[in-house]
Amino acid sequence: MSRLAIRDPSRRLPAEAGGILADARGGTLSVPDRGVPIHPESLARLVEAMSSGRPLCFAPEVPVASALGLPEWPPLLYWQPATRWSWLRPTSDLDPGDPSFYRLTETTPRERVHYFARHYPRLAPLPKQVSVVVANVCNLSCVMCPYHSPEIKGTHKTGYFTDRQFMPWAMMERIAKECGAGSIPVKMGNIEEPLLHPRLVEFVRRCREAGVPSVHLTTNGTPLNERRIRALLDAGVTSIYVSLDASRRDTYERVRGGDLDRVESRLRAILRLREERRASCSVYVSLVRNDGVSSEEVEEFRDRWLAEADGVILYNLVRYRDGASQLAEIHTQVEDRVREAKGRWACLNPFQEMYILPDGRTYYCCETIGKLAFEELASMGQFPEQSIKGIWAGGGFESLRTDLLTNELTDRSACRTCGIWMAHVSVTEETPRWKTTRNMITEIVEGKRQRTV
């Protein structure tokens, strides 16, 4: 048997490599420096697969979660059988997408924790999005809102939504600076009406000046007037979702307690001023399928706003029990994925996004924010004492990712009873009139019309 040549200039192979490779086939084993040590079980699997005689590479995956959007590692190991041209493929020239290498992706739970928890910051050093909770207040009390509905608020067990909080400007400036430096998109309008913050427009402008690639705003639209709309567009907001929840006056008054005609006029002002200013800002309109909202009204809403806005978002009604979201229906596609995963898969949120509260505490999804009304949850870190990058790579997130990957959620109350992990499964359908993307929570409908910017 020919001798195995090893190219590992950064010494990423494990200490046990000598024993694992003792009986390996000849050829060339290459270890590109991805900044992560190789787990012994990964190397052993590659050695076992050498018996096939075909070129191999190892790129770890997590069942289902990787298919649904978990960031992908490029190959961490390559093996080429002994041939006269092997020397032409140095480690630095190996192509991560080269189809001539058979891709090994299977991993054990220990490997998943190694690559996607302990060393995850090497793969994804920053979140894909930062949700900035600029306040904990809203000027409406919508019936379905887990934060501000009078009925649900009466069951809260903490005072989180009783004491008004607004994020300090110094913290907002720091977020803009760090997200700009890292090209991280910013989103606002999670548990609050963000336009109630007195420096919201200034924050949008500061983010864009700092290099933030996109700034999103979800609003109920009531605090807007033409002056503020112009200011937002000029500041560089890139997307606005307006929550209406009705196409009929009596429904809007019952659900949101306001004047539908007034808020619709403000929405149309956004659309008009956007065109006048030729602003690159997408505008979507949303409706929650609340109790008492008929399918006819939903269709009216969809057809009305697809003719004017860039899209319509229809939310399935979510029930809440002690802050935990309860989904009424499980889609067939989700059931298929559950069977494939043999149970629950790792929720993607803590691998993709971070939430920063007005007091600097950090969390990982909207479910945790709702839970704050019922219990004190451990924060992932404290901003700005810690940087976004530091919190993302810190022990709080690493421990959480480990628990999700191993499905050890006994001590994770926000995750244990949550159903939002299933919402990453989506299906897209197209008709001559529109494209619809559905998951467990939303149905996003986009009309096929062209808009000139």
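**Strands and helices in a predicted model**

Modeller: In this predicted model, Val 132 stands opposite Ile 356 in β14.

Colleague: What makes β6 and β14 a pair of strands?

Modeller: Two strands pair if at least two bridges are found between them, and four bridges join strand β6 (residues 129-132) to strand β14 (residues 353-356), the two running parallel. Strand β7 (residues 186-188) also runs parallel to β6 and is joined to it by two bridges, with Val 130 standing opposite Val 186 in β7.

Colleague: Which strands stand at the edges of the sheet, and why are they called edges?

Modeller: The open sheet has eleven strands, in the order β15-β14-β6-β7-β8-β9-β10-β11-β18-β17-β16, and its pairing is mixed. The edges are β15 (362-363) and β16 (427-430), because each has a single partner strand and so one side of each is left without a neighbour in the sheet.

Colleague: Why are helices α8 and α9 called roughly parallel?

Modeller: The axes of α8 (residues 200-210) and α9 (residues 226-235) cross at roughly 15° and come within 8 Å; angles under 35 degrees count as roughly parallel, and α8 and α9 are therefore described in that way. On the α8 side the contact is made by Leu 200, Val 201, Val 204, Arg 205 and Arg 208, and on the α9 side by Ala 231, Leu 232 and Ala 235.

Conventions. Residues numbered from 1 in each chain as written. Predicted model: local features only at pLDDT ≥ 70, side-chain atom pairs only at ≥ 80, totals over all residues. Heavy atoms only, no water. Axes fitted to C-alpha atoms, helices over the stretch in contact; angles between N-to-C directions. Parallel < 35°, antiparallel > 145°, perpendicular 65-115°, else oblique. Contact = heavy atoms within 4.5 Å.
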